[in-house]
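The entries follow the order in which I looked things up.

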Amino acid sequence: MNKTIRSAQYVVNLPRGPVLLCAIHTNHLVPALEASSIDHEVMMLHTSDQAQVCQACDLAASQREPGQLPH
């Protein structure tokens, strides 16, 4: 699995708060949200906000096995 941390391009507003996601994770998450009844709103980040990192990529990278080299 690729553990690259991508820059966030979208904000997915969920009841528990906004989540910053890259396009890949947004494409995975939104169909699941639409299948469930969770309220959500997807907004594109402004270009000036693009220094933000994708929270799902960041989480995946932080769960990397100790001693494993980053890809």
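I took contact to mean heavy atoms within 4.5 Å. The model is predicted, so I noted that local features need pLDDT of at least 70, that side-chain atom pairs count only at pLDDT 80 or more, and that totals for chains, interfaces and linings use all residues. Residues are numbered from 1 along each chain as its sequence is written, and side-chain values use heavy atoms, with hydrogens and water left out.

**Entry 1: overall layout.** I read helices (H or I, at least four residues) and strands (E, at least two) as DSSP runs numbered from the N terminus. The protein chain holds 2 helices and 3 strands, in the order β-β-α-β-α along the sequence. I called a residue buried under 20% relative accessible area, exposed over 50% and partly exposed in between (1.4 Å probe, protein chains only). By that rule, 25% of the 71 residues are buried. Among contacts with a separation of 6 or more, 65% are between residues 24 or more positions apart.

**Entry 2: the strands.** I counted two strands as paired if DSSP finds at least two bridges between them. β1 (10-14) and β2 (17-21) are antiparallel, with 5 bridges, and form a hairpin with 2 residues between them. Within this pairing, Leu14 lies opposite Gly17 of β2. β1 also runs antiparallel to β3, through 4 bridges; here Val12 has Val42 as its bridge partner. I noted that β2 is largely enclosed by the rest of the structure, because 4 of its 5 residues are buried.

**Entry 3: Val12.** Which residues does Val12 touch, leaving aside its neighbours within four places in sequence? I found Gly17, Pro18, Val19, Leu21, Leu29, Leu33, His40, Glu41 and Val42.

**Entry 4: helix α1.** Thr26, Val30 and Leu33 are buried in α1. I recalled that an α-helix has 3.6 residues a turn, so residues three or four places apart point the same way. The cover over the buried residues of α1 includes β1, β2 and β3 (41-44).

**Entry 5: the core.** I defined a nonpolar core as a set of buried Ala, Val, Leu, Ile, Met, Phe, Trp, Tyr and Cys residues joined through side-chain atoms within 4.5 Å. The largest one has 8 residues, namely Val12, Leu14, Val19, Leu21, Cys22, Leu33, Cys54 and Cys57.

**Entry 6: the cysteines.** I counted a disulfide as a pair of cysteine sulfur atoms within 2.5 Å, and the count came to 0. Cys54 is buried at 0% relative accessibility, and Cys57 is buried at 1%.
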